[in-house]
Amino acid sequence: MIPCVQAMLYLSVLVAFAACNAPPVPLDDILIEKTFVPEQCVRAVKVGDYVRYHYNGMFPDGKKFDSSYDRGSTYNVFVGKKQLIAGMDKALVGMCVNERSLIKIPPHLAYGKQGYGDIIPPDSILHFDVLLLDVWNPEDGVQSNTYHTPSTCSRKVEVSDYVRYHYNGTLLDGTLFDSSHTRLRTYDTYVGIGWLIAGMDQGLLGMCVGEKRIITMPPSLGYGENGDGSDIPGQASLVFDVVLLDLHNPRDGITVTNQFMPESCTRKTVAGDFVRYHYNGSLLDGTFFDSSYSRNRTYDTYVGRGYVIAGMDEGLIGVCVGEKRTVTIPPHLGYGEEGTGSKIPGSAVLVFDIHIIDFHNPSDKTEITVTHKPEECDKPTKKGDFVKYHYNASLMDGTSIDSTYNYAKTYNIVLGANQVVPGMEDGLMDMCVGEKRHLVIPPHLGYGERGVTDEVPGSAVLVFDIELVEMEEGLPEGYMFIWNDEVSPDLFTEMDTDQNKQVEPSEFTDYIMRQVNEGKGRLAPGFDPYRIIDNMFSNQDRDGDGKITEAEFKLKADEAPHDEL
């Protein structure tokens, strides 16, 4: 008797032997072995879908009887409409794009007892190695999937808008067929008026600048049955990964958004004004292209006269000093279809963040505002007066330039002697000691187009707060010395101290200084007295020999109501 364990082992061997030598079990239905499954399956094949796939057809022994690869084109067909053998019609349902499967189909779901000519013998089991590349349905429309939304969106694409965008174009299986990125330039076109394939015309609608979306379209809205004849096969679904960079409409004007408005604004720019402003210039997607700040100097120009692009000419009208605004300019009011080359592409919308530093008009005069007036004022200033004053000087944006208070001493000038800029001359006229004024001086009455190196920018409006501290009355116009008393009839003799009938320079100087010190005469204040006296001597020394004779010497009594040598 065989022990139990041995009997069991013997039985197992018999069963294994029988299994190995048994005839094959008939295949009743299709068998599917998935050899590759993509990580994501956004869509699986359904009955009625149209598919594009590659395949190798083989018999169980591995012998190939057909291949789409050998023909160089996918097999394209509707699923579930009896355009395929029953087993393939059934096997394709549920497959995902890029999925690969080994499909075994029994004869009754393939070519049955008839086979297929000389290619498929009767009652053949068929093996298909299938790679699904595309699936769509005649009912499909454009599918849009936004995967990045900008934080702000003031406007969305509408029909007849002009857009600039970048894209990567792929087939549904991920095969790249085109890209604007590789060409290093955007695709620029009108939307919704037939300049694009229908699917893109629809897919771009409603996008915001900066938005990124995936636009998927069936072939009926792409390149249809024939493809593009090159990279896009017929009946191919298309996938576009799009980022919108720019958007405008030919009917657009400029858009102005105020960012900061000063508390007071006594005046706004008008056409013909000269404006100094800072700016940052960017494209609509935020790409920076220029800045006055990087050059550390304002942009200075007339407005309303065509000195700048039309959109900026318009955007600079009606602004206040200190105002900050954003001006968005469509390309037909900017640099048009051509752009400027490397920095500004053609048909680009421009965005300028501007800060108005100052402005003036060539017809402006000095603006004088009295901030304090003393109760009594007997002698207001006039031309020729010697004045002493304090000032704080700044630009219109508040930038400090200089202050006499920093030096603890006044600034002293003779009015009308061109010792200060014309605007300050104007501001100091008809002023009382103790009076305070606020002066706004346009550049043509200040330091002009050149300014003062490292101190005052060119074409800058100046602001002075001044206080008149002291004033010494000047001489009548045209006089540098006058007599306070009656003139001596022996004036020449009194000067000629050595009685040699001629007056030397030292004699002349000593005499005039003595008259001044004794209060009998007065020199023009604010000037070097010795230079005045030298000039007086030269006027009397008519032959220029360095000496004054009695014949040369004469008064100016007949020329004016005051006596002067």
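Predicted model: local features only at pLDDT ≥ 70, side-chain atom pairs only at ≥ 80, totals over all residues.
I take helices (H or I, at least four residues) and strands (E, at least two) as DSSP runs, numbered from the N terminus. Residues are numbered from 1 along each chain as its sequence is written, and side-chain values use heavy atoms, with hydrogens and water left out.

I looked up residues 272-360 and found 11% helix and 39% strand, with the end C-alpha atoms 9 Å apart. For residues 384-472 I noted 8% helix and 39% strand, again with 9 Å between the end C-alpha atoms.

**H390.** Leaving aside residues up to four places away in sequence, I listed what H390 touches (heavy atoms within 4.5 Å), including T404, Y405, D465 and V469.

**Helix α11.** I traced α11 over residues 529-540, 12 residues that reach 17 Å from first C-alpha to last, close to the 16 Å expected at 1.5 Å a residue, the expected span being 1.5 Å times one less than the number of residues. I recorded its buried residues as I532, I533, M536, F537 and Q540. Seen down the axis of α11, these fall within an arc of 140°, so they line one face of the helix; the arc is that of the directions from the helix axis to the C-beta atoms. I found that the buried residues of α11 pack against elements including α10 (505-517) and β25 (481-483).

How values were computed. Buried < 20%, exposed > 50% of the residue type's maximum accessible area, 1.4 Å probe, protein only.
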